[in-house]
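Please keep the sequence and the model in view while reading.

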Amino acid sequence: MTNDTVSTKRKLNPYVYIVIMVLFFMCYGNCQYKISPVLTYLMEGMGIGTDKGGLLTSSVNLLGIFITIPLGVVMNKLGPRKMGLFGITLVLGGSVLGTFFTANFYMMLISQLIVGAGGAGISIACPYVIACLFVPEMRGKANGAYIMAGTLSQLLMYNLVPRIASPDNVSPAWWFTNIWCVIMLIVWLITITDDVAPPARTEGKDSPSLGQTLKALVDPRILRIFIGGMFMMASAVAVLTMTPAYLIQTKGMDAAAAGSLVSVCALVGAVCSLLGGWLSDALHTRKWLFVICFAWMAVSRVLIAVLPAGMALNICIWLQGIPSITMGLFYTAGSDVIEKENYAMCCSALNTGTKIGSFFGATIFGIIAATTLGYSGAYMTFAVVSIIPMICMLTLKGLK
């Protein structure tokens, strides 16, 4: 997206729109992360085991894997305003459905699938709005701030939900997300117009045809972003999800200590997401920040496997939040090198990749850890996995 595609009809300070994007994306993030803190309550109430409990927590990513690309196809026709409304309506509908079926596994599963479908729409609309409102020299900071939304939702839900829910009644957590969604639906309707973030068809030319839009999927630049996002997220989710079990089973930590140790990553990640955006704009480079982050990702997985329990291992685990820099930079890199008419498809491809990585990463790590390779072999494997996104972004044509 070039400078001349940046909207000049915004009515608010551009950073107000960033706050709106953060709070809007948190509608989805809140629904995604509210289950884990009360999962044991839900499992007991539903009479299910850990297998179905695990499916319930990961199901929010499942439907998005299949519909994100189709949503990207229609994005140029609908524009971000309508896509955002579509997404928030599904998130709200799924959350409301879950409110009344907290003791029914299958209805709760359906509700999470609906939430995930809505989240796919939101995660396409928000980066597009940012790309419309900010010139390339400012998009790093903007996307860095926006990408903190997921971490903020995680911190909010993990601290709020246990305090407002009980073993006998978890619905207050669902009512909280319902109210949040309604408020942000109204805010979106008022503030995000076609003048603020116009669809491609209002830019003085016809929208790309279906064939042109689908052809973008085989653009080598978009494929690199897709593959890079997929392997980055697979490595990040696998390690953050499985490290508490590793610490308990091999380092002798209790569950509370292991969970607290790993949770610090979220705080580090929030700071690094914002810092990375500022650095990329100030240093006028995205590429080398990708290289540094993914190099650390690879090295740190080796260190986790070989370091003995102690402060060095603790610090290594805390600093797993550093690669959070790259999530915002993926969107920024896409807006830097991909044409306006294909940027929605780029976001769709990236979001699909990250969902695939999120869904399969921990599973593959667990399978490897269960073999003779053990946890050490799993960490070493994902050290190699972390090199793949580095190669993708290092060879992304046009990226500075």
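H284 counts as exposed, because its relative accessibility is 60% and exposed residues are those over 50%. In this predicted model, H284 is found in the loop between α11 (255-283) and α12 (287-306). The backbone at this position also deserves attention: H284 has a positive phi of about 60°, although it is not a glycine. Most residues other than glycine have a negative phi.

Other residues illustrate the remaining classes of accessibility. Q32, which lies in helix α1, has a relative accessible area of 19% and is therefore buried, the limit being under 20%. Setting aside residues up to four places away in sequence, Q32 touches V60 and N61. I67, found in helix α4 (residues 62-99), has a relative accessible area of 22% and so is partly exposed. With neighbours within four places in sequence left aside, I67 is in contact with A117 and A120. I67 and S348 are 281 residues apart in sequence, yet their C-alpha atoms are 9.0 Å apart in space. I315, in helix α13 (residues 311-318), is likewise partly exposed, at 38% relative accessibility. Between I315 and N178 the separation is 137 residues in sequence and 38 Å in space, C-alpha to C-alpha.

The interior may be considered next. In soluble globular proteins, nonpolar side chains tend to be buried together. Here the largest nonpolar core has 78 residues, of which M21, W188 and M393 touch the most other members. Helix α5 (residues 105-133) gives the most to this core, contributing 12 residues. Which residues are in contact with M393, once its neighbours within four places in sequence are left aside? They are R224, I225, K287, F290, F294, F330, A333 and L399. There is also a second, separate core of 23 residues, and among its members are L247, I304, C316 and F365.

F365 also belongs to an aromatic cluster, which it forms with Y246, Y375, Y379 and F382. The count of aromatic pairs in the model comes to 17. In the pair of F25 and Y146, the ring centres are 5.6 Å apart and the planes stand at 75°, so the arrangement is edge-to-face; planes over 60 degrees apart count as such. This pair links distant parts of the chain, since F25 is in helix α1 (residues 14-33) and Y146 is in helix α6 (residues 136-146), 121 residues apart. Both F25 and Y146 are buried.

Two packed helices are described by the angle between their axes and the distance between the axes. Helix α7 (residues 148-164) packs against helix α8 (residues 171-191) at an angle of about 130°, and their axes are 9 Å apart. With that angle, α7 is oblique to α8. On the side of α7, the residues that meet α8 are L156, M157, L160, V161 and I164; their partners in α8 are P172, A173, F176 and W180. How many residues of this contact are nonpolar, polar and charged? The contact of α7 with α8 has 9 nonpolar residues, no polar ones and no charged ones.

How values were computed
Residues numbered from 1 in each chain as written. Predicted model: local features only at pLDDT ≥ 70, side-chain atom pairs only at ≥ 80, totals over all residues. Heavy atoms only, no water. Axes fitted to C-alpha atoms, helices over the stretch in contact; angles between N-to-C directions. Helix = DSSP H or I, 4+ residues; strand = E, 2+ residues; numbered from the N terminus. Parallel < 35°, antiparallel > 145°, perpendicular 65-115°, else oblique. Contact = heavy atoms within 4.5 Å. Nonpolar A, V, L, I, M, F, W, Y, C, P; charged D, E, K, R; others polar. Phe/Tyr/Trp six-rings, centres within 6.5 Å; stacked < 30°, edge-to-face > 60°. Buried < 20%, exposed > 50% of the residue type's maximum accessible area, 1.4 Å probe, protein only. Core = buried A, V, L, I, M, F, W, Y, C linked by side-chain atoms within 4.5 Å.
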